[in-house]
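The following note comments on selected residues and charged pairs. Please read each point alongside the sequence and the model.

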Amino acid sequence: MSLIESGHSLLPIGLCSLLQCIATGCVYDYSTCGDIIPDGTTVSVSFDFPSSLPVPEGMATLFYPTEGDADYSRYDFRPSGGTVEINPGSYLTAAFNNDTESILFRGFSSLSSLKAYTREGKVTDGLSASYSGAMPPLGRVADIPVVIQPDMLMCVAPSAPADIAPDVNTRIRFSPAQAVATYSITIDDITNLSSVREGCVSLSGLCGDYMIGLSRKGDSVVTIPGSQKSDTGSSMAGKMLTFGYAPASASCLLRVYLWLRDGEKRVYEFEVKEQIMQAPDPLNVSIRARGIALPEIDTPDNPDAPDSSLGVNVDNWETIDIELST
């Protein structure tokens with residue numbers, strides 16, 4: 001019986017294949033197989049990464065047979081690429097970086113259903129510490145799910161199939177493209193910024209997933225939380241990663257959450273869809289809001305929170321809608 005090396009032991013190759021094929025198709029990593037390789041055609045895989053982004057730690061590649069009922073196969077590579085043995089045939093392919101932490105994947109049964117997404121979150125996830133106090137009222141975005149930010153995703157799904165012929169060395173070069181945008185958010189003209197103990201933001205009307213096999217954003221509409229820190233004496237700034245605005249959304253609402261030193265908590269709302277839609281580069285979007293007037297507060301600590309928490313026992317959020325001038 002043929003054997004394949006796994007860690008410090010040898011397993012029957014049939015058992016190894018079974019363990020690798022549970023639920024999501026076949027996943028192969030031949031880097032630990034020594035000189036023992038399965039029958040097939042040698043395929044050399046390489047990657048051409050965007051020069052504007054750091055090279056990822058690794059890449060996953062998927063091969064879907066265009067004929068028959070065979071399941072897909074997955075091969076994971078270092079960024080330098082490598083070689084594998086693949087049965088001859090015609091395959092639709094896709095590739096994405098496999099070093100993400102916040103991004104999840106599902107829909108592996110076909111390229112048309114393969115998507116990247118993130119788990120549920122809270123609008124206060126942008127705070128520097130965990131928050132368990134009274135949550136801000138969600139108001140007109142209450143029906144929109146809140147999910148955490150994705151990390152950087154580079155992916156590609158070539159439309160032309162890869163044809164692998166018997167006894168012919170085949171070379172496949174993937175050119176992953178950036179699928180996640182960076183949104184830089186700045187809040188200017190904040191009077192008495194020193195009255196703020198802590199702050200964060202959320203942005204609604206964004207896309208919650210990316211269809212890797214179709215090379216486009218998904219159809220879901222979500223809210224994503226982000227951090228904000230004092231930038232100058234009268235402004236706050238921060239960045240968030242997102243799959244971009246959701247085409248189905250009629251609004252992109254920026255909400256600024258502020259905890260004041262006297263225990264007061266405020267939410268400021270700004271409609272910013274026009275800024276997002278008019279951004280010259282949809283992968284690098286700058287959003288600016290302004291005009292938050294705060295009271296002057298000299299109290300060093302929150303009087304209703306002797307444990308230095310953010311007013312956990314006081315549900316006194318005030319929502320203020322500010323219309324941006326054009």
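1. Aspartate 163 has its place in strand S12, which spans residues 162-164. The model is a predicted one, and in it this aspartate is exposed, its relative accessible area being 56%. Beyond its neighbours within four places in sequence, aspartate 163 is in contact with Gly89, Ser90 and Thr170. With serine 90 there is a polar contact between the two side chains, at 3.0 Å. Tyrosine 91 and aspartate 163 are 72 residues apart in sequence, yet their C-alpha atoms are 6.4 Å apart in space.

2. Threonine 223 belongs to strand S19 (residues 221-227). Its relative accessible area is 2%, and because buried means under 20%, threonine 223 is classed as buried. Leaving out residues up to four places away in sequence, threonine 223 touches Val123, Val141, Ile144, Pro145, Val146, Val147, Ser202, Leu203 and Ser204.

3. Serine 230 is located in strand S20, residues 229-232. This serine is exposed, with 55% relative accessible area. Residues up to four places away in sequence aside, serine 230 touches Leu193, Ser235 and Met236. Isoleucine 187 is 43 residues apart from serine 230 in sequence, and the C-alpha to C-alpha separation of the two is 9.4 Å.

4. Turning to charged pairs, side chains of opposite charge can pair when their charged atoms come close. The model has a count of 12 salt bridges. One of them joins the side chains of arginine 74 and aspartate 76, with an N to O distance of 3.0 Å. Arginine 74 is buried at 18% relative accessible area, whereas aspartate 76 is partly exposed at 24%.

5. A salt bridge also forms between arginine 290 and aspartate 189, whose closest N and O atoms are 3.5 Å apart. Arginine 290 lies in strand S24 (residues 284-293) and aspartate 189 in strand S15 (residues 181-191), so this pair ties together parts that are 101 residues apart in sequence. Arginine 290 is partly exposed, with 39% relative accessibility; aspartate 189 is likewise partly exposed, with a value of 45%.

6. Lysine 229 and glutamate 198 meet through their side chains in a salt bridge of 3.8 Å, N to O. The pair links distant parts of the chain, 31 residues apart: lysine 229 is in strand S20 and glutamate 198 in strand S16 (residues 196-207). Lysine 229 counts as partly exposed at 41% relative accessibility, while glutamate 198 counts as buried at 16%.

How values were computed. Residues are numbered from 1 along each chain as its sequence is written. This is a predicted model: local features need pLDDT of at least 70, side-chain atom pairs count only at pLDDT 80 or more; totals for chains, interfaces and linings use all residues. Side-chain values use heavy atoms; hydrogens and water are left out. Helices (H or I, at least four residues) and strands (E, at least two) are DSSP runs, numbered from the N terminus. Buried means under 20% relative accessible area, exposed over 50%, partly exposed in between (1.4 Å probe, protein chains only). Contact means heavy atoms within 4.5 Å. A polar contact is a pair of N or O atoms within 3.5 Å; within protein, one must be able to donate a hydrogen and the other to accept it, and residues adjacent in sequence count only if both atoms are side-chain atoms. A salt bridge is a side-chain nitrogen of Lys or Arg within 4 Å of a carboxyl oxygen of Asp or Glu.
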